[in-house]
Amino acid sequence: MFLRVVAVMLAGAAMLAAAPAAPAQTKKTSAVKAQSPPPPADLSGVWRRSRRAPDKARKYTIYELAFALTSEEPSMTPWAEAKFKANKPNIGPRSVALSESNDPILKCAPPGIPRAYLVRAEPIEIANIPGRVLMIFEYDHFVRNIFTDGRPHPGDPNPTWMGDSIGKWDGDTLVVDTLGFNDKTWLDNDGHPHSEDLHVVERIRRVNHDTLTIDTTIEDPKAYTKPWGGHAIYDLKPDWNLGEMVCEDNDTYQDMQQKSEGKAPQ
Amino acid sequence: MALVICVALLSAPAFAHHGASVYDSTKLTTFKGTVTEFHFMNPHTEIIFDVTGADGKVDKWTGEAPSLTAMSRLGWSKGMFKPGDQLTFVGNAAKSGSHIMRLRKVVFPNGKESVIDRSEDYAE
C-alpha cells in the first residue's frame, strides 16, 4: 500500500518535472492524457523471476535461471570485447574478489536496463495508471515510466541511466522500446558493455494468470555484431509486496569484506 | 580477530557470491544452540548462537540467512529470535572450520521447523 502511494507520488512528481522540458519539443509530449483506454491485457502484480527449469534437457543453475539474461555468449565487436575484458564482476562465472571488482553496482550506481531485472533477481511490480505502465523494481526502488499514451521517443533524448521507455500493445503483448541510455551501466551481471546507442526492446506477455514472460532484445551495433537477448519467465507472487532494498545497506558487508580479504580463515 | 574472520566469510554471499563455495554444500551440520544475538537486516540476516560441546566448552556460531525482505516473506520478523532461545540449527558449515554456517533450517522446541529458501542465492 505504502509503495503504491510512493509510486503515485513519484508519478505526480514526474508529471510536474516533465513540464520544464516541454519548451525544447515542438510537440506537447510531456502531458500524460488523463483518460486513456484500458490496456488490452492486465500485467499488474508482483512478479519474480522463476527458479523453475524451463525443461528437463539438463540441470540449470540458479544463476542461469534468475541472474542471467541468456546462457549464450553474444557476438561482440572489438570495442566491446576490450570493455568486457576490463569489466570485472564480483558475481557469476567471471567473478573476481571484491577488492578487484570494478562493477558500478558496488558503488550503488543505477543498474540500467536490462540489468535492473538481474542484479539480485529480486521481484518487480507492474502497475497500470492512465497513459502508462509503471514498472517498480524492488532493487533499490527504481521506477520505470513506460508511456503508453502514443508518444514517440524525444527527438534527442537525454542520456540517462534507465533510458526513455515507450510501450505499444501488440495484441496482448506490451512491446517496450527503450533508448536514450548513458554508457555507464553493465547490461548484465557478467559485465557485458554497451554504448549510448543501446536500444532495448522487451516483449512482455502474461501467458496465464500466474506467469509473465519477457523477451528482451538488445541492439547496439557499436558493441554487438547482431542483436541478442533472452527469454525470462516470471511467477506471480499474489501475497507479496515489494520490500525495501537499499543498495547502501551493502556497504557494511563491503567494508568488512575489504578489510578481511586475503586473510586466511583460522 | 575472530569476529573479523567470521564476517569475512559471512559477507561472501552479499555480493561476492563466489563465496558460496566457502560453505560445504555436500553435507548438513546440526547444532543445538542458544541464541545470543539476532540481526534481522539487509542484505543478510544473522543468528548468533552458543553451542555447548560434550566437554562443556562453549563455542560461538553464526548462522547466516537471506535478507530481511526475503525472510519476512517466509514469516520471520524482528522479534522471532531472542537471546536465550534454545533451538536446533541446520546448515552448511564453512569449509575452513570457521564457526559460520549457511542456515538451511531452524527447529523450535515444539518441533516446528522454519525451512530457509536459498533460491535467493544463485550459487546453489
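In the predicted model, the secondary structure of chain B consists of two helices and six strands. Read from the N terminus, these elements follow the order α-β-β-β-α-β-β-β. Chain B has 124 residues, of which 44% count as buried. Among the contacts in chain B with a separation of 6 or more, 55% join residues 24 or more positions apart.

In chain A, nine strands form a closed barrel in the order E1-E2-E3-E4-E5-E6-E7-E8-E9, with mixed pairing. From one strand to the next, the twist averages 30°. Strand E4 of chain A, residues 143-147, has four of its five residues buried and is therefore largely enclosed by the rest of the structure. Strand E3 of chain A (residues 132-137) pairs with E4(A) in the antiparallel sense over five bridges, and A:Leu134 stands opposite A:Asn145 of E4(A). These two strands, E3(A) and E4(A), form a hairpin with five residues between them. In the turn of this hairpin, A:Asp140 has a positive phi of about 50°.

The pairing of E4(A) with E5(A) is parallel and comprises two bridges; here A:Phe147 stands opposite A:Ile166 of E5(A). Strand E5 of chain A (residues 164-170) in turn pairs with strand E6 of chain A (residues 173-179) in the antiparallel sense, over seven bridges. Within this pairing, A:Val176 in E6(A) is the bridge partner of A:Gly167.

The largest nonpolar core contains 49 residues, and those touching the most other members are A:Leu118, A:Ile124, A:Val133 and A:Met135. Beyond its neighbours within four places in sequence, A:Ile124 is in contact with A:Trp47, A:Tyr117, A:Met135, A:Ile136, A:Phe137 and A:Glu138. A second, separate core has 21 residues, including B:Val22, B:Trp76, B:Phe89 and B:Ile100. In soluble globular proteins, nonpolar side chains tend to be buried together.

A:Pro110 lies in the loop of chain A between helix H3 (78-86) and helix H4 (115-118). This proline, A:Pro110, counts as partly exposed because 19 C-beta neighbours lie inside 10 Å, whereas a buried residue requires 20 or more. Residues up to four places away in sequence aside, A:Pro110 touches A:Phe142, A:Trp161, A:Met162 and A:Thr185. The C-alpha atom of A:Pro110 is separated by 29 Å from that of A:Ala53, a residue 57 residues apart from A:Pro110 along the chain.

Notes: Residues are numbered from 1 along each chain as its sequence is written. Chains are lettered from A and ligands numbered from 1 in the order in which they are written. This is a predicted model: local features need pLDDT of at least 70, side-chain atom pairs count only at pLDDT 80 or more; totals for chains, interfaces and linings use all residues. A residue is buried if 20 or more other C-beta atoms lie within 10 Å of its own, exposed if 12 or fewer, and partly exposed in between; C-beta atoms are placed from the backbone. Two residues are in contact if their C-beta atoms, placed from the backbone, lie within 7 Å. Two strands pair if DSSP finds at least two bridges between them. Axes are lines fitted to C-alpha atoms, for helices over the stretch in contact, and angles run from 0 to 180 degrees between N-to-C directions. A nonpolar core is a set of buried Ala, Val, Leu, Ile, Met, Phe, Trp, Tyr and Cys residues joined through C-beta atoms within 7 Å.
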